[in-house]
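Subject: A structure for you to look at

Hi there,

Here is the structure I promised to pass on to you.

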Amino acid sequence: IPLGGNNILQKAIESLNILGTARNTEVIFHPNLPPAHAESVKLVFANNALEFHPQSPTYQKHLAKGTMVALRNLVSNKPSLELSLNTNAPLDSSIMQVLKAYDITLPITAPNANIVTNLFLNLDLMTHVINVKGLFKAQDSEVLLNGIPFFTKTLNVQLNNHIIKVESQN
């Protein structure tokens, strides 16, 4: 720990690196949602951030490989929570429930098709402002657009906060 200078605490936090592992974990991301599960979670504290890297994470029986959570800028006036959620699963009621908990509405569901989902949430912990980016992709799938079924050869749905862009090829 650096002992010189006026900002000893800040410099100590910036130089601190901690690794840990939690096993058989259950994580609640929102009080209105059921927990996510993981065989284990690697915890990394470095650069004023605490990152959670789950191994074999699942949410409502959906595999969420590549998902990561981070608390950034912990010792500052701009702390944030970041969630990167990755699935290859039906866009069913359990996934839509997650989106709804964060006031995200998609006009599309695909309860019987696998949708490759990459969703990124950034929540400012001081102001509670949330920024959302997402990409949902499917091929050769039947989806419901505002409740109306249609078949699509290729589907790309881009989400940028509350702006939704739907592209489909048949």
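Below is what I found in it, starting with the whole protein and then moving to single places.

Please keep in mind that this is a predicted model.

**The overall picture**

The protein has two helices and 11 strands. If you walk along the sequence, the order of elements is α-β-β-β-β-β-β-β-α-β-β-β-β. The C-alpha trace spans about 65 × 35 × 25 Å along its principal axes. Of the 170 residues, 36% count as buried. Among contacts with a separation of 6 or more, 39% are made by residues 24 or more positions apart.

**The nonpolar core**

Which residues have the most contacts inside the largest nonpolar core? They are L91, I104, L106, I108, L119, L121 and F136, in a core of 29 residues. The elements that give two or more residues to this core are β7, α2 (93-101), β8, β9 (130-145) and β10 (148-160). Of these, β8 gives the most, with six residues.

Leaving aside neighbours within four places in sequence, L119 is in contact with L83, S84, L85, L99, V132, K133, G134, F136 and L159.

Helix α2 is also worth a look. Its buried residues are S94, I95, M96, V98, L99 and A101, and they pack against β4, β5 (62-63), β7 and β8. Just after this helix, D103 takes a positive phi of about 60°.

**The cavity**

The most come from β7, with three residues. By class, the lining has six nonpolar residues, no polar ones and one charged residue.

N122 is in strand β8. Is N122 buried or exposed? N122 has a relative accessible area of 19%, and buried means under 20%, so N122 counts as buried. Apart from residues up to four places away in sequence, N122 touches S80, L81, E82, V129, I130 and N131.

**The largest pocket**

The largest pocket holds about 380 Å³ of space. It is lined by 23 residues, and V27, F29, A36, V69 and L83 lie nearest its centre. Where does the lining of the pocket come from? At least two residues each are supplied by β1 (18-27), β2 (36-46), β3 (49-55), β4 (58-59), β6 (68-72) and β7. The most come from β2, with four residues. The lining divides into 19 nonpolar residues, four polar ones and no charged ones.

Most residues other than glycine have a negative phi. With that in mind, have a look at N24 and N48. Phi of N24 is near 50°, and phi of N48 is near 65°. N24 lies in strand β1, whereas N48 is in the loop between β2 and β3. N48 has a relative accessible area of 7%, which is under 20%, so N48 counts as buried.

**One last spot**

Finally, find F151 in strand β10. F151 and N170 are 19 residues apart along the chain, and their C-alpha atoms are separated by 7.5 Å. Setting aside neighbours within four places in sequence, F151 is in contact with D140, S141, E142 and N170.

Best wishes

Conventions:
Residues numbered from 1 in each chain as written. Predicted model: local features only at pLDDT ≥ 70, side-chain atom pairs only at ≥ 80, totals over all residues. Heavy atoms only, no water. Nonpolar A, V, L, I, M, F, W, Y, C, P; charged D, E, K, R; others polar. Core = buried A, V, L, I, M, F, W, Y, C linked by side-chain atoms within 4.5 Å. Buried < 20%, exposed > 50% of the residue type's maximum accessible area, 1.4 Å probe, protein only. Contact = heavy atoms within 4.5 Å. 1 Å grid on protein atoms, 1.4 Å probe; cavity = no way out; pocket = protein on both sides within 12 Å on 5 of 7 lines; lining within 4 Å. Points joined across faces, edges and corners; volume = space filled by probe spheres on them.
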